[in-house]
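Dear colleague,

Please find below the structure that I am handing over to you. My notes on it follow.

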Amino acid sequence: MGRGARRNSGPALPKVERVEISDKNVKLRIAAAVIFLIIGAAAIAYGFAQTFAVEKGWQEITAEVEGVSCSDEFTLVYDIGTSGNSARAERRSLMNLWSTATADAAKIFDPETQYGDLGNLASLNLHPNETVELEPALYEALELIESYGDR
C-alpha cells in the first residue's frame, strides 16, 4: 500500500448525538446515589466479615512455626467459643499457644541437637553419668516413664 492509500476499516460509524441531561430532581438523584453507595459499602463489609469469620465449635488448631517444631506429629482439636471471648480472638490465642508448645516440645525432646543452655534429651545423652539440669517438662516425662517401669 502506498502513502496515499486508505485501508477499508469497515462500515462508517454513526454520528454521535448530543443528549442534554435534565436539571430536574438533582437532589433526589444525589440522595439515591448516596443510598446506593451506602448499601454497596455495607454489602462489601458484610462479605468480608463472613469470609474471615471464625465459627464456634470443634476445630483443628494448626501451629504457625518456622524452624524446629513437632506440630506435624500432633493434632489439637479444640471447642472454640466456650470461653465467652470472641471466636476469632480465642482461635488466635490458641494458635499462638500451640505454636509455642510444639516448638518448645521439639527442642526439649530432641535427642540429637543441643539448643544453648536448654536441658533437653540431647544434653542428657551427651553427658552420661553426669548431673544435668533438665527442663521440667522433660523431667516429668521421664518420671512418668519410670513410674510405669517401662523404658
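How many helices and strands does the secondary structure of the protein come to? It comes to four helices and two strands, and from the N terminus on the elements run α-β-β-α-α-α. Helices (H or I, at least four residues) and strands (E, at least two) are DSSP runs, numbered from the N terminus.

This is a predicted model, in which local features need pLDDT of at least 70 and side-chain atom pairs count only at pLDDT 80 or more, while totals for chains, interfaces and linings use all residues. Residues are numbered from 1 along each chain as its sequence is written, and side-chain values use heavy atoms, with hydrogens and water left out.

As to overall form, the protein has a radius of gyration of 34 Å, whereas a compact globule of 151 residues would have one near 15 Å. This radius is taken over C-alpha atoms, and the globule rule is 2.2 Å times the number of residues to the power 0.38. Along the principal axes, the C-alpha atoms fill a box of roughly 100 × 60 × 25 Å.

Buried residues (under 20% relative accessible area, 1.4 Å probe, protein chains only) make up 16% of the 151 residues. The largest nonpolar core consists of Ile 61, Ile 80, Ala 87, Leu 94, Met 95 and Trp 98. Its largest share, four residues, comes from helix 2 (residues 87–108). Such a core is a set of buried Ala, Val, Leu, Ile, Met, Phe, Trp, Tyr and Cys residues joined through side-chain atoms within 4.5 Å.

Leaving aside residues up to four places away in sequence, Met 95 touches Ile 61, Thr 62 and Glu 64, where contact means heavy atoms within 4.5 Å.

Yours sincerely

How values were computed
Buried means under 20% relative accessible area, exposed over 50%, partly exposed in between (1.4 Å probe, protein chains only).
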